[in-house]
Amino acid sequence: MEQNLTGKKILYIDMDGVVANFEKGIKQYLPDWDSLSEDDRGKKTDEICGSVDNFFLDLHPIEGAIDAVNKLSNKYETYFLSAAMWNVPQSFTEKRLWIEKHFGNSFRKRLILTHRKDLNIGHYLIDDRTSHYAGDFKGKHIHFGQEEFPDWSSVEKFLLG
Ligand SMILES: [Mg+2]
């Protein structure tokens with residue numbers, strides 16, 4: 001794949017489960033999260049995220065994420081690529097504000113919210129899931145939280161090493 005005009009390779013980074021600790025956040029309201037079915041998780045997540053003020057904005061960063069993303073953005077043209085919750089419109093706004101809260105102005109205009117991650121062209125996508133077509137991304141899918149890339153230090157080693 002050709003590089004873009006800045007000469008840097010393009011890197012996309014998912015938010016929930018990669019930089020923002022969604023699981024820790026939702027477990028504050030649903031301690032039995034681990035034992036719920038996929039269906040129940042979906043329904044209850046809609047309820048909670050739709051009723052708790054600033055649910056997404058208040059999510060804690062995942063360990064090592066902020067530092068790693070700052071380093072990676074020097075080497076790669078970096079964008080956040082996240083699927084906000086369609087039934088929770090405030091999640092779109094809060095994701096934008098979360099980035100400003102943790103990165104100041106350095107990711108200004110570098111947030112892409114979509115349910116079709118495969119339509120974005122680039123070299124790498126760091127994502128903890130294959131859903132929203134992340135598994136069909138045409139570049140390399142760095143599957144965060146899985147065996148090869150369990151945490152940010154393994155991702156840093158691979159992308160900056
Ligand atoms: Mg995710």
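Which protein donors does the magnesium ion have, and how far from it do they lie?

1. Basis of the note. This is a predicted model, in which local features need pLDDT of at least 70 and side-chain atom pairs count only at pLDDT 80 or more, while totals for chains, interfaces and linings use all residues. Residues are numbered from 1 along each chain as its sequence is written, and side-chain values use heavy atoms, with hydrogens and water left out.

2. Magnesium site. The protein donors are Asp14 (OD), Asp16 (O) and Asp128 (OD), at 2.1 to 2.2 Å from the magnesium ion. Donors are here N, O and S atoms within 2.8 Å of the metal (3.2 Å for Na, K and Ca); because water is not among the atoms, sites may look incomplete. Along the chain, the spacing of the donors is D-x1-D-x111-D. Helices (H or I, at least four residues) and strands (E, at least two) are DSSP runs numbered from the N terminus.

3. Asp16 has 18% relative accessibility and counts as buried, whereas Asp128, at 21%, counts as partly exposed. The classes are buried for under 20% relative accessible area, exposed for over 50%, and partly exposed in between (1.4 Å probe, protein chains only).

4. The salt bridge at Asp16. The structure contains 10 salt bridges, each defined as a side-chain nitrogen of Lys or Arg within 4 Å of a carboxyl oxygen of Asp or Glu. One of them joins Lys95 to Asp16, with 3.0 Å between the closest N and O atoms. Lys95 belongs to helix H4 (residues 90-103) and Asp16 to the loop between E1 and H1, so this pair ties together parts that are 79 residues apart in sequence. Lys95 and Asp16 are both buried.

5. The pair Lys27 and Asp34. These side chains form a salt bridge with an N to O distance of 3.1 Å. Lys27 is partly exposed, its relative accessible area being 26%, and Asp34 is exposed, with 54%.

6. Arg116 and Asp118 meet through their side chains in a salt bridge of 2.9 Å, N to O. Arg116 is partly exposed at 33% relative accessible area, while Asp118 counts as buried at 10%. Salt bridges that share partners also join Asp14, Lys117 and Asp127 into one network. Asp14 is also among the protein donors of the magnesium ion.
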